[in-house]
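Hi,

Here's the structure I promised to send over.

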Amino acid sequence: MTDAVVDTEQDAPAKKSKMPLIIGVVLAISGAGGGFFAVQSGLLPFGQSAAPEGVKATEVAPEGVDNGESAEDIANLAFIEMEPIIISLRKASGLQHLRFRSQLEVDLAHQAEVEKILPRIVDVLNSYLRALELEDLTDPMALPKLRAQMLRRINIAAGQGRVRDLLIMDFVLN
């Protein structure tokens, strides 16, 4: 038999790690920095003044006029209504249809030119909308993205600067 002595004393408890504290401090600092950046860059609306720089708070735009446009600009606008476009979209459970109706905002000087090439514009929009899939339309930010893409294609077909904006009147998926 051996004369080994069994140590009955309990070891002192191990020191707690400071790693969670360090990780918490680093995350807090990075979160604060990210929040500051988001507010300063305008990604979040907090901390911004009520009126943009250079615009007095007492200035009031005429009804229906954006601050960036004068009444003369509004008077020189024309709206060209386009025929509705109905697109069939394939879905696993069957077909769905997209009904799209819009108007083109143009300057009066370009109205006749744009009306002449309206069939080309309808063709461009029809081709673009048919290339879309149902998943492209279910995203909450789909409409602004689609509108920007369609306006870019319209400006290519009509010529840069002829069409000012694309106004979407109907965008119904059923």
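Predicted model: local features only at pLDDT ≥ 70, side-chain atom pairs only at ≥ 80, totals over all residues.

The side chain of Arg162 meets that of Glu113 in a salt bridge, at 2.8 Å from N to O. This pair links distant parts of the chain: Glu113 sits in helix H3 (residues 111-116), while Arg162 is in the loop between helix H6 (142-158) and S4, and the two are 49 residues apart. Glu113 also counts as partly exposed, at 35% relative accessibility.

That's one of eight salt bridges in the structure. Some others join up: Glu81, Arg99, Arg101 and Asp170 are linked in a network of salt bridges.

Two contacts in there involve Arg101. With Glu81, the closest N and O atoms are 3.4 Å apart. Glu81 belongs to strand S1 (residues 77-81) and Arg101 to strand S3 (residues 94-107), so this bridge ties together parts that are 20 residues apart in sequence. Glu81 is partly exposed too, at 48% relative accessibility.

Arg101 also forms a salt bridge with Asp170, where the closest N and O atoms are 3.1 Å apart. Since Arg101 lies in strand S3 and Asp170 in strand S4 (residues 163-173), this pair ties together parts that are 69 residues apart in sequence.

Cheers

Notes:
Residues numbered from 1 in each chain as written. Heavy atoms only, no water. Salt bridge = Lys/Arg side-chain N within 4 Å of Asp/Glu carboxyl O. Helix = DSSP H or I, 4+ residues; strand = E, 2+ residues; numbered from the N terminus. Buried < 20%, exposed > 50% of the residue type's maximum accessible area, 1.4 Å probe, protein only.
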